[in-house]
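Let's read a protein model together, one question at a time. Here is the molecule to look at.

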Amino acid sequence: MNIIKNFSERLKELIFDNRINVKILSKAIACSENTVYDWLTGTVSFMPSVSNLIKLADYFKCSIDFLIGIEEENYLPNPKPCPPFSAWFRNAIEVKGFTLYSLGKKVEMTTSNFYSWINQKNKPNLDSLLRIAAALDCTIDYLVGRE
């Protein structure tokens, strides 16, 4: 699956379906027009930050999984506001029956990454969230507290 291409195509669809343009979208999510154009081309080698994905998903009232092309249907037309990731992440892991250590082993990440997220030193990238969501058998929206 080419997630960058899928995201680009889905973003084009959402912009068209909502009858908006890049200028309106960039202003709504407080992002530069050039960045939005980069996402639309699908040729850049990076995805938006998780915070920008959340802004986009909130703007279009859709799930992040739908926005990045993992899901064909929008299963989250009314997402709830995200709690701080640092607070929600540990809870989400525990609800799924994992510890930070066991999750780290399963996704081949060090727990220091998790602690830096919990202590708000940095935020996860999409690749990390995709790996964790697969390990926990949940959606990205669940991981960030939108569902």
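**The pocket and the helices around it**

Author: Helix 4 gives three residues, the largest share, to the lining of the largest pocket. Helices (H or I, at least four residues) and strands (E, at least two) are DSSP runs, numbered from the N terminus. This is a predicted model, in which local features need pLDDT of at least 70 and side-chain atom pairs count only at pLDDT 80 or more, while totals for chains, interfaces and linings use all residues. Residues are numbered from 1 along each chain as its sequence is written, and side-chain values use heavy atoms, with hydrogens and water left out.

Reader: How much space lies in the largest pocket?

Author: On a 1 Å grid over the protein atoms alone, a pocket is an open set of points where a 1.4 Å probe fits, with protein on both sides within 12 Å along at least five of seven lines; lining residues have an atom within 4 Å of a point. Grid points are joined across faces, edges and corners, and a volume is the space filled by probe spheres set on the points. For the largest pocket this comes to about 270 Å³.

Reader: Which residues lie nearest the centre of the largest pocket?

Author: The lining has nine nonpolar, four polar and one charged residues. Here Ala, Val, Leu, Ile, Met, Phe, Trp, Tyr, Cys and Pro count as nonpolar, Asp, Glu, Lys and Arg as charged, and the others, Gly among them, as polar. Of the 14 lining residues, those nearest the centre are P83, P84, F85, S86 and K123.

Reader: Which residues of helix 4 are buried?

Author: Buried means under 20% relative accessible area, exposed over 50%, and partly exposed in between (1.4 Å probe, protein chains only). The buried residues of helix 4 pack against helix 1, helix 2, helix 3, helix 5, helix 9 and helix 10. They are V50, N52, L53, I54, L56, A57 and F60.

Reader: Why does N52 count as buried, and what is N52 in contact with?

Author: N52 sits in helix 4, and its relative accessible area is 15%, so it is buried. Contact means heavy atoms within 4.5 Å. Leaving aside neighbours within four places in sequence, the partners of N52 are C31 and W39.

Reader: At what angle do the axes of helix 1 and helix 3 cross?

Author: In helix 1, F7, S8, L11, K12 and I15 meet W39, L40 and T41 of helix 3. Axes are lines fitted to C-alpha atoms, for helices over the stretch in contact, and angles run from 0 to 180 degrees between N-to-C directions. The two axes come within 7 Å and cross at roughly 115°.

Reader: Is K80 buried or partly exposed?

Author: K80 lies in the loop between helix 5 and helix 6. Not counting residues up to four places away in sequence, K80 touches G145, R146 and E147. With a relative accessibility of 41%, K80 is partly exposed.

Reader: What is the radius of gyration of the chain?

Author: The chain has 10 helices and zero strands. The radius of gyration is taken over C-alpha atoms, and the globule rule is 2.2 Å times the number of residues to the power 0.38. For 147 residues that rule gives 15 Å, and the chain is close to it, so it is as compact as a globular protein of that length, with a radius of gyration of 15 Å.
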